[in-house]
Amino acid sequence: MKTTKKIWYNGKFVNWDRAETHVLSNGLHYGSGAFEGLRYYHTENGPVVFALKEHIDRLFYSASFLNMGLKLKFNENDIAEAIQDLILKNMIKEGYIRVIFFWGFNSLSFQPELLCPLDAAIATWAWDPTREKDSVKVKTTKYTKASPESTVTNAKLCGNYIHDILANAEIIKAGFDEPLFLDNKGNVCEGAEKNIFFVKNGVIFTPPQGNIMPGVTRRFVIKLAADMGFKVEEKNFTLPELKEADETFLTSTVVRILPINQIDGQKFIPRKGPVAMDIKQEFEKIVRAKNPKYEKYLTYVRTDI
Ligand SMILES: Cc1ncc(COP(=O)(O)O)c(C=O)c1O
């Protein structure tokens, strides 16, 4: 990771290497935190954050499950402003934004809201384009995605992401790039921090809300694809159905649109499906402010850098 100058930590801008926390922080031991990942892009009129409001709304939604409300000193506007101030301070044209609220040090109790301080941090850094793949080999993981009966699946709670770490360890050892999770009913669920879509006979399908994370990119892609004239259907589907698709792709803030070139060794030809590539091309234009129709999804950071 390329370091930047400052990190926003509990309302102050501190030097990158001084954004420290105690080793007995509750969040470190139990994953008792909520986070968001956003991206900002370079445009002719300065940096723009994509879908800022949607991400901040989801952050506060996630935090509500950890009873953070009473101790949280910042509201949605404060966080939106802090993100923009940090982008300006770090002077990097385009990058990734990570926001986290977590229970800090004072107790390892399972009621951190009674005993622990609430820490909040925001970091931005340049995304390394060499890490971006143009398509990926996916493998179904042996781990089943946690169901809404076992955790809050539509909230970005830190502890939930141990699944992604375990699944990546499994599938990367087997020579694949990305895991695919099934849900507890055997339906296709999602990737590691990525939603999944497939295309069959020109119609685009994606799992409905319920077991999945309702991704900000997913929601936007559903709208964009419909605006582009595609029929989009949210429905449950199984792995055999997915493998019979004409093409399939993942979406997320980090990868935007990422074609899947094979699942469990079964290849898709072409490696990058035409529908995914069409949507990707439109998406790239939108985040770089080249399509005025979608300006409302862009927040212009208040000055040029
Ligand atoms: C479990 C999970 N699925 C999918 C996604 C993709 O969502 P987004 O498009 O909001 O990045 C994320 C990322 O937030 C996630 O955590």
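Me: What should I know before reading residue numbers and features here?
Reply: Residues are numbered from 1 along each chain as its sequence is written. The model is predicted: local features need pLDDT of at least 70, side-chain atom pairs count only at pLDDT 80 or more, and totals for chains, interfaces and linings use all residues.

Me: How is the chain divided?
Reply: There is a domain 1 (6-130) and a domain 2 (136-287), with bounds that come from an automatic or database domain assignment. Their C-alpha centres lie 26 Å apart.

Me: How many residues are in contact between domain 1 and domain 2?
Reply: On the side of domain 1 there are 22 residues, in contact with 12 residues of domain 2. Contact requires that the C-beta atoms of two residues, placed from the backbone, lie within 7 Å.

Me: Which elements give two or more residues to that side of domain 1?
Reply: They are α1 (26-30), β3 (33-43) and α2 (52-64). Helices (H or I, at least four residues) and strands (E, at least two) are DSSP runs, numbered from the N terminus. The largest share, eight residues, comes from β3.

Me: And by class?
Reply: The side of domain 1 that touches domain 2 has 11 nonpolar, seven polar and four charged residues. Ala, Val, Leu, Ile, Met, Phe, Trp, Tyr, Cys and Pro count as nonpolar, Asp, Glu, Lys and Arg as charged, and the others, Gly among them, as polar.

Me: Back to β3. How many bridges does β3 form with β5?
Reply: Eight bridges, in the antiparallel sense, pair β3 with β5 (residues 95-103); strands pair if DSSP finds at least two bridges between them. F35 is opposite I100, and the bridge partner of G37 in β5 is R98.

Me: What joins β3 to β4?
Reply: A hairpin does, through two residues. β3 and β4 (residues 46-50) run antiparallel and are joined by four bridges, with H42 opposite P47.

Me: Which residue of β6 stands opposite I100?
Reply: A121 does. β5 and β6 (residues 118-125) are antiparallel and pair over eight bridges.

Me: Changing topic, which residues come nearest to the ligand?
Reply: Of the 14 residues around the ligand, M213, G215, V216, T217 and T253 come nearest. A residue counts as near if its C-beta atom, placed from the backbone, lies within 6 Å of the molecule. The elements giving two or more residues to this shell are α6 (216-227) and β13 (247-252), and α6 supplies the largest share, three residues.

Me: How is the ligand shell made up by class?
Reply: The shell has two nonpolar, seven polar and five charged residues.
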